[in-house]
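Please read them with the coordinates open.

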Amino acid sequence: MKTESAEKAAKRHEKEARELERLTKASLRKPLVHGFWFLLVILTVIYIADEISSNMNGVMKPYMIFDLFKIPGQDTTSDAYGSAISVMAIATIPTYILTAVNPLYRTLADRFGRKLFLFLNTLFMGIGMLICMTAANPYIFVVGTCITGFFTPNDMQVIYLMETAPKEHRAKLCSITKGIGLLSVSLIGVLRSIFYNPDELSTWRLVYLVPVILTIAIAVIAFLCTKETPVFLGRRISYLKKTDEERAAEQSKAGGERGTIGEAVRYIIHSRQLRMIAIVLFIFSMAISMSGYSSEILLAGGHMNNDDMNLFYIIEPLVYAVFAFFSGFFTDKLGRKNSGVLFGICAIIGHALFVFGAKWGIGAVALAFANGFMFGGLWSLSDLLFLVLPGESAPTRIRASVMAVISYMYLSNILVSMLVGIFYGKIGSAKIGVFELCFFVPIILFSIIFLKLKVKETKDTDLNTVGEE
């Protein structure tokens, strides 16, 4: 404990007594609707909102550019379109400061609990999409994408589920809820087929309407119908009941109770396991930036009409969802490391088939299967590296903080994405697919080899005792 005056200590003790009383009541309070299965439904719908908001802007960006930049002939291979992509990338640069702030925001869940941030993250996903939907110019659209980009990576529903689910089914339930959530991404294709008319470019806005309403509604329902996770309540109440002397002894032994960025950084530095995870994440994140131009690759191929695009956007998420649904079963059965290798190989095969298939015109259904397979492998590996492995390698007292610090490794993706966007005009839509593939394959191969050789297995970890044995 740091040195403080008697007056400050008295105020702190009074404040902590009120918090202890509040949390004790919260631990005894029953939610409006009882049962783990109801909670699972709410978390699944939040996953739906998360996945739709994560994918919506990427799918609709070309059509926003056609409309707001007035691209002649809606041609993605034109110089005007390449220049527009570069302008959007440059306009986004000042907003990258939010990436540095995001981990600080995420650590607050270790202090104030999981429920509040489950609500806030979901609510602002909806607000971000609403801003994109009503954007009068590309720069306002960038603001909306930055808001959704700030709140979607936090994945509080994952921590919430990990701290409420039985450990033997933890990965299964995470992948099942995500798989069901991913099925809803096909709604983007359905809504696009209903609302978007290529002859009326502004109709791209209407595709956002249903997701905005759904996201804001489930945020309110989650706030009203859920309670704090028992793992967080137990740890926080236990901490508040300790004397200053007991806390000081714990702090000298384990780095303290309250989750902060500093404590998380120190823990990662001293934990070989988390250091290795951080290294592989920094390398792996570059691959994510090499998978962000699916729409441009399809449109540049010249083999897809509007109906084909609708069919693609309906089928692709279904393939991805099925992959994600079963990924947890592989993760629990094969272990985290072996399943990570499997996911990486699937991502490589899927991306290669998609890039060359778009050039050869193999059809909307085949392309949807290839790209869904790629995203299934890529994001299953991403979830494993960003969420499961760090979550199962850090103690409860600083779990959210460790996962927040780990997310800084995502900066490599942002840097590469920014550079590709700025120089997109020189690369061009006709070459972007092969350009992506030349970097994607070696990055994924290095990541899965490093994972296999340097990271310890975390299957069957007890989250209540990890890091504190």
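1. Overall dimensions come first: for 469 residues a compact globule would have a radius of gyration near 23 Å, and the chain, at 23 Å, agrees with that. The radius is taken over C-alpha atoms, and the globule rule is 2.2 Å times the number of residues to the power 0.38. Along the principal axes, the C-alpha atoms fill a box of roughly 70 × 45 × 40 Å.

2. On provenance, this is a predicted model, in which local features need pLDDT of at least 70 and side-chain atom pairs count only at pLDDT 80 or more, whereas totals for chains, interfaces and linings use all residues. Residues are numbered from 1 along each chain as its sequence is written, and side-chain values use heavy atoms, with hydrogens and water left out.

3. The secondary structure comprises 23 helices and 0 strands, where helices (H or I, at least four residues) and strands (E, at least two) are DSSP runs numbered from the N terminus. Of the contacts between residues at least 6 apart in sequence, 85% join residues at least 24 apart, a contact being heavy atoms within 4.5 Å.

4. The largest nonpolar core has 125 residues, of which W204, Y208, V402 and F440 touch the most other members, and its largest share, 17 residues, comes from helix α2 (residues 36–68). Such a core is a set of buried Ala, Val, Leu, Ile, Met, Phe, Trp, Tyr and Cys residues joined through side-chain atoms within 4.5 Å. Apart from this core lies another, of 7 residues, including L20, L23, I237 and Y239. If residues up to four places away in sequence are not counted, F440 touches A287, M290, S291, A347, I348, H351, M374 and L378.

5. Two residues in the loop between α2 and α3 (79–92) deserve a look, namely K70 and Q74. Most residues other than glycine have a negative phi. K70, although not a glycine, has a positive phi of about 55 degrees, and Q74, likewise not a glycine, has one of about 50 degrees. K70 counts as exposed at 62% relative accessibility, while Q74 counts as partly exposed at 31%.

6. Is R397 buried or exposed? With a relative accessible area of 6%, R397 is buried, although its place is in the loop between α19 (364–391) and α20 (399–406).

7. S339, in helix α18 (residues 336–360), counts as buried at 0% relative accessibility. Leaving aside residues up to four places away in sequence, S339 touches F330, T331, L334 and L384. By contrast, the C-alpha atoms of S339 and Y293, 46 residues apart along the chain, are separated by 26 Å.

8. Finally, the buried residues of helix α16 (residues 294–301) are S294, S295, E296, I297 and L298, and just after α16, G302 takes a positive phi of about 75 degrees.

Definitions and conventions:
Buried < 20%, exposed > 50% of the residue type's maximum accessible area, 1.4 Å probe, protein only.
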